[in-house]
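Subject: Handover of a structure, with findings

Dear colleague,

Please find the structure below, handed over for your records. My findings follow it.

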Amino acid sequence: MPSWFGKHSMSEERHVPGPPSELADTLNHWRDLFQRKHSEDFEALIGLTGMEDPIFSFLVDYADIDQDDLLSLRFNEYPEETIEQANEVLRSMCAEYTDVRCVLRPIYFPDEKIKTVSSLRMRNRGELVSLIVKIQDVGPRVGYLKKALYTCIACGHREEIAQRVARERKRPRGPCRICLEEAEQMLGGQVSYSLYKSLESLMQLTAEGSFYQDIQYLNVHDATETGKQPIQIILDDEYVDRHKPGQTIRINGVVYIDPIPDRNFVKDTRRILQVRALSIEEVS
Ligand SMILES: [Zn+2]
């Protein structure tokens, strides 16, 4: 299974990658869209180096996504996963031009996606929304472990595990596959519980090779509303450290629900709404 496919725990994620053919179709449709609409972006990449510009924003018009039935469906149902897949396609397409990391940013969301902060509810979780907001305050830049690389200290087998912001770090499921198979073959059947457990502990987090992403939290409120109910926005990569309090911006993103900050026990059931920014457009 390719690493970008994502390995998620059953409990928390609602991602459904679909059958492999659908995944392959999605990747092909992205590739096709980039080839048809973004030749200028690829040309602009020539000569750029990761040292000077570590990230290149690949601005994709929502209307172009919407015109493709499959992409439109996938993007609206599983926005983040579909964008991750697009980024994977971009990575392979851009590799021949540059070492700059290309990041897909879907822009120009249709007006029907515009919501006010005060209208958002728990049931909107996972939906694409567009908010026109004024920035109240800007949090510090922080990094989070987006992809953890685990390496088997016995055989060197590697596994990448996608992580979520503000959640407990996820380990690979079960022991090193290679070592488990070997042990089962040697023993001619299932391994004991204690051996299973010790094979599990062979998979260890490898710092280099794990991927940290810059993120930042903003508190914002509706630009027009007087009630000024705030909401937290999570932004990443090239949007970090780009904004100031008082600015008005349009945020296109996904509704998240998150444990309340400063929770003092792990199983706290209270949740707050957040929006994970997929793109940000300047309004003022
Ligand atoms: Zn191993």
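Predicted model: local features only at pLDDT ≥ 70, side-chain atom pairs only at ≥ 80, totals over all residues.

In which loop does Ala-166 lie? Ala-166 is in the loop between E5 and H6, where helices (H or I, at least four residues) and strands (E, at least two) are DSSP runs numbered from the N terminus. Residues are numbered from 1 along each chain as its sequence is written.

Loop residues

The phi angle of Ala-166 is near 60°, a positive value in a residue other than glycine. Ala-166 counts as partly exposed because it has 14 C-beta neighbours inside 10 Å; by the convention used, a residue is buried if 20 or more other C-beta atoms lie within 10 Å of its own, exposed if 12 or fewer, and partly exposed in between, with C-beta atoms placed from the backbone.

The loop between strand E5 (158–162) and helix H6 (177–187) also holds Arg-173. With 13 C-beta neighbours inside 10 Å, Arg-173 counts as partly exposed. Arg-173 and Pro-106 are 67 residues apart in sequence, and their C-alpha atoms are 33 Å apart in space.

Asp-241 has a phi near 65°, a positive value in a residue other than glycine. Asp-241 is placed in the loop between strand E7 (230–236) and strand E8 (248–259), and it is exposed, since 12 other C-beta atoms lie within 10 Å.

Domains

The domain assignment of the protein gives domain 1 (3–107), domain 2 (111–142 + 215–282) and domain 3 (143–211); such bounds come from an automatic or database domain assignment. Between the C-alpha centres of domain 1 and domain 3 the distance is 28 Å.

Helix packing

The axes of helix H1 (residues 20–37) and helix H4 (residues 69–77) come within 9 Å and cross at roughly 115°. Axes here are lines fitted to C-alpha atoms, for helices over the stretch in contact, and angles run from 0 to 180 degrees between N-to-C directions. H1 and H4 are therefore roughly perpendicular to each other (under 35 degrees counts as roughly parallel, over 145 as roughly antiparallel, 65 to 115 as roughly perpendicular and the rest as oblique). On the H1 side the contact is made by Asp-25, Thr-26, His-29, Trp-30 and Leu-33, and on the H4 side by Leu-70, Leu-71 and Arg-74; two residues are in contact if their C-beta atoms, placed from the backbone, lie within 7 Å.

H1 also packs with helix H5 (residues 79–94), at an angle of about 60° and with the axes 9 Å apart. That angle makes H1 oblique to H5. In this pairing, Thr-26, Leu-27, Trp-30, Arg-31 and Phe-34 of H1 meet Thr-82, Gln-85, Ala-86, Val-89, Leu-90 and Met-93 of H5.

Asn-87

Helix H5 contains Asn-87, which is partly exposed, with 17 other C-beta atoms within 10 Å. Neighbours within four places in sequence aside, Asn-87 is in contact with Val-103 and Leu-104. Asn-87 and Leu-104 are 17 residues apart along the chain, and their C-alpha atoms are separated by 6.1 Å.

Yours sincerely
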